[in-house]
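Hi everyone, thanks for making time for this.

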Amino acid sequence: MDSWLSMNVTTANVLSRDNQGSVRGVKTVWGQLALEASQVYIDDGTGGPAKSPYAGTTIEKLPDKVLLNIFSYLSHKEICSMSRVCRKWRTIAYNTSLWYSVSLRPEISGLHVTSLDFLLSLISVRFGSSLRYIELPIELITHTVLHELANRCPNLTHMLLDFSTAMQLHDFSELQAFPTKLKYLCVCLSEVIFMEGFMRKIYNFINGLEILHLIGTYEKVEEEEEEIYEVINVHKLKSATPNLRVINLYGINFIDDSHIDAFSSNCIQLECLAVNYCSKVTGSTMKTLFQRSKRLRCLLMNQTNLISEYVMQVEWEKSSIQELDISGTDLSTECLIDMLVRIPNLKFLSAGQLNGFNDTVLSTFMEQGNVRNLIALNLDYSDNLSDEGLYKFLSRYGHQLQGLSLAGMPHITDQLWNTVLPVLNNIIIMVMGTQERLSGNVLVDQLMDGIATNCPRLERLELKWDPDNLRFSDKSQKAIDIFRVKCLKLKCLVLSDGRYYEIVKANFERADRLTVYESLEDKFAKRLDDLFGVKDCLIEVNPGKCILPPKYKDLGQRIKNMEVRSDDVWLVSYPRTGSTWAQEMVWCICNDLDFVKAKSMIGQLRTPLLELTALMGNDTSKLKDELGNSVEQVENMPSPRFIKTHLPVPLLPEQLAAVKPKIVYVTRNPKDMCVSYYHYCKLIHGLHGSFDEFCDLFIQGKTPIGPIWDHILGFWEQKDEPNVLFIKYEDMKKDLKGAIRQVATFLNKPLTDEQVSALEDHLSFNSMKKNPALNLEPILAMMEKQPSNGTNPDETFIRKGKVGDWKNYMSKELSDKFDKFTEENLKGTDLAFETN
């Protein structure tokens, strides 16, 4: 297939998801084993020492089966290096299952074999019956090596022979054996060495071939060529390979129409023919080709010298062709129209660099041709196509496209792409932009946001614009974050070198890092230690700049790796935003309004706070022992689970994005939130300090949990996802019945009017405040806190339940500071809060 469609394009600047994730995981396990082996004694939970279960575990004591699996992720160079570590690893490295696919071409990261004797030893000792695929360079292609492969590797089915650098062949007069089960053969031809002596020896062994690649020297040909040598006899080769289904003749300067005719006369099962960069092909035998090859579905003729008259003689309407590449062939407009309207089932079309491909061709193809099966379109460098013509075509058929390339056209800008992106919701590969300098600029943040919103299946994206034409803002990181989070299938992102490339690269590298735990800056660490009365009470967890107790280090990776179930219901919020109120609503709706259980079973058992064990890490009461490990509690809950968390997006389980369970996110205006949070920290966490000091830390993102706007906007950006419901405390206060119906509809649990009224009564402020399962009075008793018995609402878990209570605590100066804080962070979003 064409390289851009099959994602084999080679480029210097490719940013991609780490496809060596398993290797990275293996390295992590090695480091973990080594670390834990050194920690012979650990705290048994009572303050006394206990022997670690990992104390006797080291990498060399892992079972052979585990080591073999680890080695399977290594390159053969690395396997050879590992084999020198110890005898056991040498034995593992010799396991033939590690050698089923081998490249011996060092210039393309293959194994470097220094002598024929060493290779013969490898074939005998390591390759054996496991070998399925091998690549051999010219110096290793000898009759002895081929004999050994034939005798020792009975399951060898794929072979590449690289003669491209040959100035002289080995003597093959004694060649009597050759692998007989080959289904795939790739031969890289030399520019000057005749291959017939070698080929004549192997003809009797390759009649089972189904796939043949002959790779020429197109890149090496000089403009003024003295003489062309037919280094391989195609007419004899075709007689020896009657079962070919795929023939690829790439960049071979002597291939012409007679060779195509030769193959078609003998290969009746032919399904794919590629003659890209074979400049002597004119298409004179195409009519005969299609008459003989009824199964031909793929024809690739990029940069050939096709003549329109010959192409128009083909009976396209009777063909089975589905994939066609005619880029750079100089076919006429008349020929293009004639061909495209007659092909009945075209799925892939590459027709770039064609002066004859214009709006008339595209319009006629759309109106008279069969476009309904088209899934991939490449029109690169089609200067005679207008943006209007492309817009009409893509508006009508863009929804079915999985691949689209419109590169190299200065007049096709981000404006067209932003217009058509909403219909490209099935796109997998997308290529856009030109390296020519433009008079205008490309607003790349807006473009990336549109791609993230509309292209969830995207796997490869290429932006070819000159880096000086890319315009982006200080908010680019957020746009890239959204793109990275929403395009979860992305495997490759191609950009030109420049400042934007560096920003994107840094963003992806940061996202790939494991969670990092850091000490707070001294100026914040001391203030927080004084406020909470505990030394080193909080750390910073990244990504996300989340502020949490050090205990979180024991749970963070476990939370990230936690299994997410499709029937989970997650309640996510920053602390003191009405999350207890919302969690009770969600639980009751999903549990058929079981008010009895709702009043008898505490909320932490029904909707556990995932990170509670970490949040209570500095608590010295018996509460921790009573509640147990909150993460373990969630992991062991039966389905459906109701899970509450205050963690920001970067610290949540990675599976959330892929599994997409129901997520209810609740938030509140920051003024009331901060007031309530201050009193909560005083009640639960022993905070002693002024309200103004707490507010100063809150605005700087240094109170427990961390920056509020990163937390809120992380989910505001996902509010349009079908599995996410974003609600505000103020809206619940204003219309509780409406909020109940909204949540019930989101959870696919419709309620009657009577049920809505009953739940409204259960969720009333007085009912919630009196409910021992929610007001934390039993938990406060375990924490040895003295409840106020309602005399002072600031000393109760459920305080006042009002909007605008901040006015009783904030000065005008502090209120203005909060308003500026909110305005600066919400600029550019349509999120707003009611504060009265």
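Let me begin with a pair of charged residues: Lys-671 and Asp-819 form a salt bridge, and their closest N and O atoms are 2.8 Å apart. Lys-671 belongs to helix α29, residues 670–685, while Asp-819 belongs to helix α37, residues 812–826, so this pair ties together parts that are 148 residues apart in sequence. Please keep in mind that what you see is a predicted model.

Are the two partners buried or exposed? Lys-671 has a relative accessible area of 4%, so this residue counts as buried. Asp-819, at 35%, is partly exposed.

Let's stay in helix α37 for another pair. Here the side chains of Lys-812 and Asp-816 meet in a salt bridge, at 2.9 Å from N to O. Because they are 4 residues apart in helix α37, about one helical turn separates them. Lys-812 is exposed, with a relative accessible area of 64%, and Asp-816 is partly exposed at 35%.

Lys-392 is partly exposed, and its relative accessible area is 47%. And how many salt bridges does the structure hold? The count is 36.

Now let's turn to the strands, with β7 as our guide. β7 spans residues 184–188, and 5 of its 5 residues are buried. You can follow that on both faces: Tyr-184, Cys-186 and Cys-188 are buried on one side, and Leu-185 and Val-187 are buried on the other.

Which strands pair with β7? Strand β6, residues 158–162, runs parallel to β7 and is joined to it by 5 bridges. If you want a place to look, find His-158, which stands opposite Tyr-184 in β7. Strand β8, residues 211–215, is also parallel to β7, and 5 bridges join these two. There, Cys-188 has Ile-215 in β8 as its bridge partner.

What comes between β7 and β8? β7, α8 and β8 together make a right-handed β-α-β unit. On the way from β7 to α8, which covers residues 196–202, there is a loop that holds Phe-194. Phe-194 is partly exposed, with a relative accessible area of 49%. Together with Met-167, Val-192 and Tyr-229, Phe-194 forms a nonpolar patch on the surface, and the four have about 420 Å² of accessible area together.

My last stop is another loop, the one between β4 (101–103) and α6 (116–127), where you will find Gly-110. Gly-110 is buried, with a relative accessible area of 2%. What does Gly-110 touch, leaving aside its neighbours within four places in sequence? Its contacts are Lys-77, Ser-103 and Arg-105. Gly-110 and Glu-135 are 25 residues apart in sequence, and their C-alpha atoms are 8.5 Å apart in space.

Note on methods. Residues are numbered from 1 along each chain as its sequence is written. This is a predicted model: local features need pLDDT of at least 70, side-chain atom pairs count only at pLDDT 80 or more; totals for chains, interfaces and linings use all residues. Side-chain values use heavy atoms; hydrogens and water are left out. Patches are made of residues with over 30% relative accessible area and no salt bridge: like charges are joined within 9 Å, nonpolar side chains (Val, Leu, Ile, Met, Phe, Trp, Tyr) within 5 Å. Accessible areas come from the Shrake-Rupley method with a 1.4 Å probe; for residues, only the protein chains shown count as cover. Buried means under 20% relative accessible area, exposed over 50%, partly exposed in between (1.4 Å probe, protein chains only). Two strands pair if DSSP finds at least two bridges between them. A crossover is right-handed if, with the strands pointing away from the viewer, the path from the first strand over the helix to the second runs clockwise. Contact means heavy atoms within 4.5 Å.
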